[in-house]
Amino acid sequence: MNEREDTYVRYIRFYITCHKKGLKRFSRFLWWINRLIFSCDIPPQVTIGKLLHLPHFGLRVVIHPASIIGNNVTIYQHVTIGAKNNEWNVVVGDNVFLGAGAKILGNINIGYNVKVGANSVVLKSLPDNCTAVGIPAKIISK
């Protein structure tokens, strides 16, 4: 993977930083532009670590505002990281790979060095150093 983030991720970081500095209307405007052009819903309230990778410009990626994304995370297209009922807080650890179409739903933690397969639906927390696939996601290797 590339050691530096692309321009698109820097754009997302820019409106998140504007939001944290109190420029909420401006960050909301940039967020709406992002939603309009790329259909990517990463709100300014999200906490994102270093080296986020969004191949395909994060096409149709949806992340809940209360989510925390760790360092060196790769999120492919059509991924949803969101709430289930009133369970809001999703924490994604460092060095995580989320395959295309994966759904992370509920108040769960995704451990470090985890791979989630394409179109998997994760409804329970995943431990460190594992691979999960299926609907609902099951751990296939540690």
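**Exercise 1.** Determine whether cysteine 40 is buried or exposed.

Solution. Buried means under 20% relative accessible area, exposed over 50%, and partly exposed in between (1.4 Å probe, protein chains only). Cysteine 40 has a relative accessible area of 0%, so cysteine 40 is buried. Cysteine 130, at 2% relative accessibility, also counts as buried.

The model is predicted: local features need pLDDT of at least 70, side-chain atom pairs count only at pLDDT 80 or more, and totals for chains, interfaces and linings use all residues. Residues are numbered from 1 along each chain as its sequence is written, and side-chain values use heavy atoms, with hydrogens and water left out.

**Exercise 2.** Classify the ring pair of tyrosine 11 and tyrosine 15.

Solution. Rings of Phe, Tyr and Trp (its six-membered ring) pair if their centres lie within 6.5 Å; planes under 30 degrees apart count as stacked, over 60 as edge-to-face and the rest as tilted. The whole structure holds seven aromatic pairs. In the pair of tyrosine 11 and tyrosine 15, the centres are 5.6 Å apart and the planes stand at 75°, so the pair is edge-to-face. Tyrosine 11 is partly exposed at 24% relative accessibility, whereas tyrosine 15 is buried at 0%.
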